[in-house]
Amino acid sequence: MTYAVLAAGAARRMGFAKVFTALPSGKAPLEGIATLLHARKAVVVVPSARVDDARRMAPAMRVVTNDETERGMTHSLRLALSAIEKDEDFGVVLGDKPFLRAETLERLEKCLDGFDVAYPVDAAGMPGHPVLFSRRARAIVEALPDGDTLFQARDDAMLRRHAFEVDDKGAFTDLNTREQWLGEDA
């Protein structure tokens, strides 16, 4: 399993490069994700101007650049997949969702066995992140159109899905508001 950490376009909503900017805890979101993934294989996708920051904050991750962030999350994911072996399962982690708990990630990894897609849902059934895909799902993911279209692969009728309910706000909270940034919403 290799994780694709999508951080290239996670800067626009708040007006600054939020995945590289320290939270009130003192750690930038990318550093938190690097800590969470620890010894797992990962590829981080960032704009070329942020390569040095990515290498400093996530030294164990392979860095891939995306200078066409306007093409959306799916374009970043395809770039990450170019650095992941074709016969390998992969997970998608969003750079602006740094509050995921380790136990949720570990549970999610166990859920992929026997399925093509595994992802968390909240009590109301709202899907969260990360989303894990088996190698069987790769062609479907690679064929997605540009944009934020990952949900189309997650929900593809050809894939066997396993959604599991979690009580982990980190699987759902991204950093799009001041309250989320300050941790009041996490």
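Predicted model: local features only at pLDDT ≥ 70, side-chain atom pairs only at ≥ 80, totals over all residues.

Author: T74 belongs to helix α3, which spans residues 73-81. Leaving aside residues up to four places away in sequence, T74 is in contact with L144, P145, G147, D148, T149 and L150.

The packing can next be followed through the nonpolar cores. The largest nonpolar core holds 32 residues, and those touching the most other members are V5, F20, L30, L37, V44, V46 and M61. Two or more residues of this core come from each of β1, α1, β2 (41-46), α2 (51-57) and α4, and α1 gives the largest share, with five residues. L30 touches V5, V19, F20, V44, A54, M57 and A58, again not counting residues up to four places away in sequence.

Helix α1 itself is mostly covered, since seven of its nine residues are buried. The buried residues are P29, L30, G32, I33, A34, L36 and L37. Just after α1 comes H38, with a positive phi of about 45 degrees, although H38 is not a glycine. Most residues other than glycine have a negative phi, and most peptide bonds are trans. H38 is placed in the loop between α1 and β2, and H38 counts as exposed because its relative accessibility is 63%, where exposed means over 50%.

Helix α4, residues 102-111, shows which way a helix can face: T104, L105, L108 and C111 are buried. These residues cover an arc of only 115 degrees around the axis, so they lie on the same side of α4. An α-helix has 3.6 residues a turn, so residues three or four places apart point the same way. Among the elements covering the buried residues of α4 are β1 (2-6), α1 (29-37), β5 (117-121), β6 (131-133) and β7 (161-165).

There remains the question of empty space. Rolling a probe the size of a water molecule over the atoms shows where empty space is left. Over the whole structure, the search finds one cavity of 30 Å³ or more, and the largest cavity contains about 50 Å³ of space. Its lining consists of L36, V93, L94, K97, L100, H129, P130 and G170, which divide into five nonpolar, two polar and one charged. One of these residues, L36, is also among the buried residues of α1. Two others, H129 and P130, are joined by a cis peptide bond, with omega near 5 degrees, and P130 is located in the loop between β5 and β6.

Conventions
Residues numbered from 1 in each chain as written. Heavy atoms only, no water. Buried < 20%, exposed > 50% of the residue type's maximum accessible area, 1.4 Å probe, protein only. Helix = DSSP H or I, 4+ residues; strand = E, 2+ residues; numbered from the N terminus. Arc of directions from axis to C-beta. Contact = heavy atoms within 4.5 Å. Core = buried A, V, L, I, M, F, W, Y, C linked by side-chain atoms within 4.5 Å. 1 Å grid on protein atoms, 1.4 Å probe; cavity = no way out; pocket = protein on both sides within 12 Å on 5 of 7 lines; lining within 4 Å. Points joined across faces, edges and corners; volume = space filled by probe spheres on them. Nonpolar A, V, L, I, M, F, W, Y, C, P; charged D, E, K, R; others polar.
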